[in-house]
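Me: I am new to reading structures of this kind. Please take me through this one, feature by feature.

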Amino acid sequence: MKKLFIAGVVLVFILYAFKKLVYDSYQWKKAINSPEHKLQLGSFIFSKQSGSNGSQSMEHKYFIFKVIEINGDYVRLSVVRQLSQKDKLLQSDFSTTKEAYKDLKQNIGNLKITGILKEDLYKAGPSYTLNNFLLEKYPSLMQSRYYFEEIPENKKHLPIPVDYNELQEYFSLVYSKNEIINKGKLVPWVLNNNTTPELADRLSKNIDLILN
């Protein structure tokens, strides 16, 4: 009986390993080659990330990113957030709830997600709150308060900066295109106290879904 139990456990482990290493990889590569899920400029990347909340239970955090630039292996992302209503700054608007995450996965194609230049978010009124300036410059915010930080067109597809401070800003949300396509993971490019970026696999996060 004990040998049968051990054999059963080993079989379950083998099947699980096969699913994670072979089947899931096959399914991911199949999906990412389809028009709906192919990585491209403008894609939305959904990532459900797990971590300890200080107790024995695990806490899930939900992120939605917009692909705003692809430069070789460097994929530049911007977090999709929701502006607080006018004069009603809410801390909850800075994070995505499980319910909002599920809803956006199903309906993001029907929502207007507005690209806002970073400097405009700080220009008038409380940061990250809907105000008259933003409504006038970005009237699409009347349809939906969801937005992402956009970068000007003249700052895209430029050579990688040389200045260290500019490099730090550039690599704040830059991930490997190869790792996304081949492994379904967000593996960031980071600066490790020098000007040569390197992949930080220890900081990688799983991708739940890519949608166009």
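Predicted model: local features only at pLDDT ≥ 70, side-chain atom pairs only at ≥ 80, totals over all residues.

Me: How many helices and strands does the chain have?

Reply: Helices (H or I, at least four residues) and strands (E, at least two) are DSSP runs, numbered from the N terminus. The chain has 6 helices and 12 strands. Of its 212 residues, 34% are buried, where buried means under 20% relative accessible area, exposed over 50%, and partly exposed in between (1.4 Å probe, protein chains only). Contact means heavy atoms within 4.5 Å. Among contacts with a separation of 6 or more, 61% are between residues 24 or more positions apart.

Me: What is the volume of the largest pocket?

Reply: Rolling a probe the size of a water molecule over the atoms shows where empty space is left. On a 1 Å grid over the protein atoms alone, a pocket is an open set of points where a 1.4 Å probe fits, with protein on both sides within 12 Å along at least five of seven lines; lining residues have an atom within 4 Å of a point. Grid points are joined across faces, edges and corners, and a volume is the space filled by probe spheres set on the points. Here the largest pocket has a volume of about 710 Å³.

Me: Which residues lie nearest the centre of the largest pocket?

Reply: They are Arg76, Lys118, Ile151, Glu169 and Tyr170, out of 22 lining residues. Strand S3 (74–79) gives the most to this lining, with 4 residues. Helix H3 (118–121), strand S6 (146–150) and helix H5 (164–170) each supply at least two. The lining divides into 11 nonpolar, 2 polar and 9 charged residues; Ala, Val, Leu, Ile, Met, Phe, Trp, Tyr, Cys and Pro count as nonpolar, Asp, Glu, Lys and Arg as charged, and the others, Gly among them, as polar.

Me: Which residues of helix H2 are buried?

Reply: An α-helix has 3.6 residues a turn, so residues three or four places apart point the same way. In H2 (residues 98–107), Ala100, Tyr101 and Leu104 are buried. Seen down the axis, the buried residues fall within an arc of 100° (taken from the directions from the helix axis to the C-beta atoms), so they line one face of H2. Glu99 and Gln106, on the other side of H2, are exposed.

Me: Is lysine 66 buried or exposed?

Reply: Lysine 66, in strand S2 (residues 58–71), is buried, with a relative accessible area of 15%. A polar atom of its side chain lies 3.3 Å from the backbone oxygen of glycine 42. Not counting residues up to four places away in sequence, lysine 66 touches several residues, including Ser43, Arg76 and Phe148. Phenylalanine 148, in strand S6, is buried too, with a relative accessible area of 5%.

Me: What is the phi of histidine 157?

Reply: Most residues other than glycine have a negative phi, and most peptide bonds are trans. Histidine 157 has a positive phi of about 60° although it is not a glycine. Histidine 157 sits in the loop between S6 and H5.

Conventions: Residues numbered from 1 in each chain as written. Heavy atoms only, no water. Polar contact = N/O pair within 3.5 Å; in protein donor to acceptor, adjacent residues only side chain to side chain.
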